[in-house]
Structure formats: C-alpha cells, structure tokens
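Please look over the sequence and the structure before reading on.

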Amino acid sequence: MFARLRSRRKRPLGIAVALGVAVALAAPAAAVAPAAADEAAASGGGDAVPVQLLSITDLHGYFADNKQSVPGAHAGQPGQTVGGGAYLAAHLKRLREEAGLPAKNSILFANGDDYSGWPNEAALFWNESTIEFENYLGVQFSTIGNHELDRGLNFFRHMEDGTCPPKLLGGDLCFTDSTGKKFRGSDAKHYSANVFDGRGALISKPYHVEQVDDGRGGTIPVGFIHTTTETAIEQGLSYYAPNQLRVTSETAAINKYAARLQAQGVRSIVAVMHEGFTQRGGYDECTDPSGPVVDMNKEISPAVDAIVTGHWHATTNCSLPDPAGNPRPIVEAANHGRLISEINLQIDRATGDVLRDRTVARNVPNTKDIAPDPGAQKIAKYWQDKVPARRAETIGQITGDLTRATKDPEGESSMGTVLADSFRWAGQRDAEQRDAGQRRPGHRAPAAIGIASPNQMLRDISHAPAGADDAPGEVKFSDVYLGIYNDRGGLGPGVFSSELTGREVRDLLQCQWRPDLSWSDGSVEADLTIDTGGALGLVFRQQDAKNYYMWQINGTTTPGRVLLRPHAYVNGAWKVLPATDITSVIPAGELGDRHHVKVRAQGSTITTWVDGVRVDSRTDTQFARGGIGVRTSGGESGRVDNLAVRDLAGRTLYSSTFSTAPDPVFGATATLSDDGQLLARDNTTQFATGSCEARFPRLPETFQPLALSSNVTYKYQPKAPRDSRIPYGQIRVDGKPLKPNATYRINTTSAEFTTTGTQEGFTPLAHTRNRHRTDFTTPDAVTGYLKATGPLAPPAPDRVRPLHGWPWGAPAAVRTLP
C-alpha cells in the first residue's frame, strides 16, 4: 500500500492549454501560479520550488547536422523543419537560461536508445562518438533502452565505464575523441528497474535520487525510476535467451520502487520509461492517445508525479488521470533529437510534494532558427572527417569473389558458406571462453554447425579493387559493417549458440523443401477483429520484408469515419494510396467487431469486399505476386481467423483456422490465442512462412536452401517425400555420420528466433534449446573469421548433392538465391 497523498494531489483536476503550447494541470483559478509567484519561487520566495525536467529520447546517434521534420504543435498547423545536434545543444542551453534556475534544479536526461544509431559518424565508431556528444550536452542520466543491449552486456558495460577489454570486438574500440582523449565512457549512468541477468540480478540500479536546491540553503529529493520495454529481448537486434536476460513488468517495477522511495521520505517521483504510446494530434497535443503506456498509466502508483516515455518515436504531450483520478503529465519527445520534452514542476518546500496543479509540460521543437552550438559542431565534424578512413580500413583478404548468386541447383553460394562458417567460428570462440577452466576431464564439446538463412544475405564482396587506393582481394570495413546480413543498418543481429539433436538437424535440412505460399492471381480473405489502436492491415503480394501491399481497415485517421487505407511498402518506405470511406459498411461504433475482408487480385486490378459488400476496385502495378501477412503499427493489435487464399476459380490453395500449433501458414513463430485466432501484435508485421509440417496439395514445392558451414555435407533423394528426402547416413558433420540422438551446437543469428525478425518457416530453429547470445554481431563474426583464416578462398559448391542426379532439371526458383 502506498503512503497517503496530500489532499491537493487528490483534488479533481482538468486539463488546460497554456500559451497554446504547454499542457498545464489545471486547478481553480486562484491556484494557478501567476507571474509574480513564479518569480518569487525562482528566487527562493513563496511556498514552491521550481524544477525543470528536460529530456530527449531515442537519439540513435543523430548528433550531426541532419534535416528532419515534425508536425505542427497543433492539428492543422504547418509542420516544421528540425534536426541536428548543434541546434539541439543550442536549444537546451536557451531553455536552461530562460528558466534561470539553480544548476541543480534544471535536470537534463535521456530516455534510452541513446546509441546503436545508424549515421556513419555514429555507427562506424560503435557510437562512442554519440557518448562524447551526450557528455558534451551534459546529459545527467538515462534509461536502458532495447538498443543499448544490441551488442551484448559486455559492450553495454564498456559504454558505461569506458573499459577497453581486448577480447571485445578484437580490441577495435576506445577511439580517440575530438579532444584528443581516449574514450572514457558515459557521464550519464543508465538505469533500469526491470532488466535482470541470468543470475536474477538487476543489470543496473533501478532508481536514483536528485537533490534540488530549495532556495533556502537546503535540498529536496526528487526520485527517478527507470524501466525498459518488456519487449526488449524479443526484438531482432536486442534478442537474448531467457537464461541470459529477463525483462519483467514495468508497472510492477515502478510501483515497487515508488513505495521504496516514499519509505525513504521522497515525495516527488518521476517515472522514466523506455516504452511509449502515440496520439493523432500535433507534437504538443493529446488526441486519442493509445498504446502500452496509456494502459500502464491506469495502474502506475499515484505517488508518481510525471511519466516520461520513449521507444515509440512519438510526439505526445498528455495529461492523463492516475489511479486516484488526478491528472499527471506523460510526454514523449519523438526521436533523433527532433523534440525536447520540458516538464516544469513546482514542489512544495515544506512537504516535498509536487504541486500538480502548477505543473506545466510542453514539447519544444529542435528548429534551425537559432545559432548552432559551435562545440557540438566541432564534435560532429571531427567524427565525420574520420568516416572515409574508417570505411577504407582493411579487415581481411579473399582470393576470389564472395557472391550470393549460385549456378548450383542445391543453392550453395560462396557468400552463404562464408557467413555460415563465420557464425560457426564465432560460436566456437564464445564456447571456448565460456568453457575455459570448467570442462571435466574427458569432456567433449558437441560438434558445431553454422547456418545462414535464405533471403538474408544483403551484399556480395568483390575481389576486384573498388578504387585507386584499394588492392585486389582486400576486404574493407565498409564491405562488412554497412549491412551484410538481415539488417541494412550496419550491426546486424547477434550470433547465437543453441542445441538440436541429430534427428532435429535432419528435420531442419528437410525443411528446405516446402509449399510455395506465394501467388499471383487469386484472393486472400480473413475475419479481422481490431482490439486496440483502431487499425489492422492485411498483407498480400509480399515479395520480401520490405516490399508488399497492405490493405488497412482504419478507424483513427478520420474521426468518426472508418476507411479502407491501401498501402504499398516499397523498398522499406510506405506509399499511402487513396483511401475509401467504408463507414456505411463498418460504422465507427462497430469497428471492434469481427469483420470479413476479402481482397482479390487479378493482374493489376485489385478489388476489395468487406462483410460481403464490394467497397473498392483499383489498379496498381507495383507488385505482381507474393505471399500474405498481417500488419499492425504502434498501439495497434487485433486478431485474425478463418484465413484462406484461393485461386480465381475459388479453389482453396491454403488456409488456416489457427487451431493448432505450429500454424501451417504462419509457422512456428505465430502467436495463437486460446480460442484459436492469430494474434496480430503491436507494431509487428507477420508473414506467412509456412511450417515444415504443412501439406497443401494444390501448391507447387519451393526450395529455400540453407547455407551451411563447410564442415557439413549431405546427399538427398529428389523424388522422395519431403519428410524422408535425406537419409540419416547421408548427412556428415566433421566427416562423421550424423547421429540421431547426439547433441549438436547450432550457430546462427537471433533473426531465426524472433517473431519480429525474419524466421522463414524453419520450425526446428524456433525450438532450439540452451540458447546463448555471444558477444558477436553478424559483421563482428565475419570480420573475426576473415582475420583468423588469412587469405580466404571462396568455398566450392560441392557439399550438397542428389543421390541420383537431378531428374527433372533445376527449377528457376533454385538457380539463384534472392
């Protein structure tokens, strides 16, 4: 039970807008502090102590000059051009000067995802440059976001304390900063109350207390509780095995430590959450807010006086009632330094309580109409000037091209084999370090197999010189670290070690043959139920993770109306097509009911029915064929049932009622409800990958070749049934026959385990055991392997062969990897 709050906190309060930009927690007119009272409080007079909270979130390394935008402060106002670290520094300095408070009473902090950014000046130097920038800003503390965990706990600790362990990244860290000093770590301590390591201990402190100046020679404590999104370790880049990291309830953690702070006499408490929400208004509004924090707010202790959020890259400035019915500010400052959130607290000098009726919050745009800060400009220029030399660093040698393309009907490629060999090498190095001094006499480590998935390889590495300063066969830093596998942002997913039995390894290899779920002309239909966020989308003609159509039922874009909002996702960018009003079919009040949606595509003509009524027909030539899926954006969730894909004659090609797991259409990573529906989770696109067990007689077979490390060979029988295509005696690992009951270490990436990643229907990979994340990301593994092997010859495609030839010729889908 929480301590009793002061009566002024319990007074029913409304929401007001001050000066058109700041959301104030309203009270009777006499209780709103006039200018004279504010001046008295700032100088130490009156009964209130002013405290300014300035926060940024999800900077992601965007500290150099860049051009971005935000909407207007309020709906209908024009958007504004924003962005750039030098302008951000200048605005922060201006806001502090305008407040005119003692240094202790102006608190600047970040809300996670400070680094793991993508601009070259950040990413190429492992974001040590971002830490220098934040140190320059004077960021006092931060919350652990999911991206702080992208490179493992050892790397996170390196960023915190500036240690330079030689085995981490092969010693490629601790760069010299713009002042000529070696990297020393972050001045801002990162906190989290709900991230635990494998021993059950928090990886960082859960909360801390700032002492603010009370204006009369004393101090008042202000507590800050920090939490990380519960989805952190489920996401592709920051995925961890449960025995390595565990993230618990944010609400429970906040309430636990709010009570502890109260017991210590702290009466002013702020929750800093790397979790967020969204709303439909301008950057300083709160129109129809939705998302996790909106729901969590209803359960977060009334002892918490303000909530600062992140993760969603949203622009929000809300005042929502706490469980006691009193409004409290909840803000989010977008991302990449586009906004600054400012909450101005007034704290009762006698009791230490926040006077909520005097709290004012606003979001401030990082506009370019101010003189940029020269110190921040110097930092950005220093790191940008180092980028060309960094890109040109030689990290290895090859004797021929490493390519994704293959002329081999079994799908072997030199790049695929090198990636699989790199993952195996990284897993072995990690196992050696973990097993050092712990092996029993006579203990023999399991044989290791490296695996790279199809459709994940993003580039080739050429033997030919790329420029005048390059030599034949030199592999450059930029060849590997700017998107080589799965993630084009640079780092790529982490390399994992896990275990399968020999029997499961065989099942995995036989998963390479499965029904082809892509189609050109025909229809997809399903029952859709929107649960939260007011929208749910049906994906079709999906070619890959960045190219597909998405037809969305939407009840939020136009208040009071329900729209069919077609989208084309082209090379990772959304193109919104003209919408159709379908309110006559789905009234706004019935948006949350179950509705049947059918989309028929024939050539370039796409026709849509909702609840049996034809509502739209149009032509679009962007995509001609592909698979299906389900899409939700931030704050959206829903359910899908009775899904079917049919040809133009109406014959069912494949379908699912989502009654059994693994689901035959969406595979092992699909999340099914207790009543047999597919759960469309928040901010996720789920694609139909199929499962190894799926049987759809009307569909042709497709071959999705796994890239295997060079210590694995096998032969197969082309005409045998899929579940008996590879005889046990024809699979060899390290030259020895595969043993069905033996344990094998599988080294691959986190992309194969996550529902938000790109696991492609290889069911056994979704069920590997004893998973362990290594300290290597994908490019780290490739770099380490290249350095360890010396000049690397492209592997020959000679390890997979048919037992009796290929009787019918190689199908087109097999000749070249996507």
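Buried means under 20% relative accessible area, exposed means over 50%, and partly exposed lies in between, with a 1.4 Å probe and protein chains only. This is a predicted model, in which local features need pLDDT of at least 70 and side-chain atom pairs count only at pLDDT 80 or more, while totals for chains, interfaces and linings use all residues. Residues are numbered from 1 along each chain as its sequence is written, and side-chain values use heavy atoms, with hydrogens and water left out. Helices (H or I, at least four residues) and strands (E, at least two) are DSSP runs, numbered from the N terminus.

- Trp126 is not a glycine, yet its phi is positive, near 55°.
- The loop between α4 (120-123) and α5 (128-137) holds Trp126, and this residue is buried at a relative accessible area of 4%.
- Asn642, also not a glycine, has a positive phi of about 50°.
- Strand β34 (residues 637-646) contains Asn642, which is partly exposed at a relative accessible area of 34%.

**A four-stranded sheet**

- Two strands pair if DSSP finds at least two bridges between them.
- Four strands form an open sheet with mixed pairing, in the order β42-β41-β40-β45.
- β42 (736-737) and β45 (800-802) are the edge strands, each with a single partner strand, so one side of each has no neighbour in the sheet.
- Strands β40 (residues 712-716) and β41 (residues 731-733) run antiparallel and are joined by three bridges.
- Tyr714 has Ile731 in β41 as its bridge partner.
- Strands of a sheet pair through backbone hydrogen bonds, either parallel or antiparallel.
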